[in-house]
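Trainee: Could you walk me through a model I have just opened? I would like to go element by element.

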Amino acid sequence: ENYLNHLRNNPNNLSFWFPKIKDVTGFGIPETTVIPVPDEVIPAFCLEQDGDEEKVARFVHESVMPIVDAMYGLPFIKNGCCSKKFDFKACCPDDAKEETILKCIKDIQYDALCWKNSAGLSEIVIRERILSPEGTPAIYNGMPLNPEFRLFYDFDQNIPLYVVNYWDRDYCQEAISRNAKDGEAYEKRYPSLLQEYCRAVPYVF
């Protein structure tokens, strides 16, 4: 019980912080649904006991698929804290079939169990996927290299503090270039990413 409470009360869970920022004016927010995972299903993601597969599959069928089926387009899938976005097809699959969604959720939760200290296990998040222009270079098994920045905001004073280019060369070039194909795509796209970032920043301030 203490373990489950610890998972549910993690301030990094999307259910904790997202309601606080979703109505900030000036930003388009993708359609987002947080689905709590029942207590008996959380340990089933270990897939170690008889019946675990069935528990997880039933949860996905009954609680997740109605949200996916009602959504326009394909979903972006994560748990409360993590998404496996560095293996992009694991969170943004090519179809929305139930067996595909089930596999994605099991992969994300298994990754959380193995590498993320069980972070986010208590909720599944289904988000609207924002489509990219055709031909956008991609890395990480399908992640489109769209302009992206992180805004740090002081909610007490209600002012933006600073903005960071997510794709900053000094920050991420080395890691991306460990895969030669990804590195080539990044180098091709970087000049326009930087240009679009510089064009967007003045609108924040």
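Mentor: Let us begin with helix 4, which has 18 residues and reaches 26 Å from its first C-alpha to its last, close to the 26 Å expected at 1.5 Å a residue, where the expected span is 1.5 Å times one less than the number of residues. Helices (H or I, at least four residues) and strands (E, at least two) are DSSP runs, numbered from the N terminus. This is a predicted model, in which local features need pLDDT of at least 70 and side-chain atom pairs count only at pLDDT 80 or more, while totals for chains, interfaces and linings use all residues. Residues are numbered from 1 along each chain as its sequence is written, and side-chain values use heavy atoms, with hydrogens and water left out.

Trainee: What do the buried residues of helix 4 pack against?

Mentor: They pack against helix 3 (52-70), strand 2 and strand 3; among them are Ile-105, Ile-108 and Gln-109.

Trainee: Why does Gln-109 count as buried?

Mentor: Because its relative accessibility is 0%, and buried means under 20% relative accessible area, exposed over 50%, partly exposed in between (1.4 Å probe, protein chains only).

Trainee: And which residues does Gln-109 touch?

Mentor: Not counting residues up to four places away in sequence, Gln-109 touches Phe-45, Asn-79, Gly-120, Leu-121 and Ile-124, contact being heavy atoms within 4.5 Å.

Trainee: Switching to strand 2, how many of its residues are buried?

Mentor: In strand 2 (residues 75-79), 5 of the 5 residues are buried, with Pro-75, Ile-77 and Asn-79 pointing one way and Phe-76 and Lys-78 the other.
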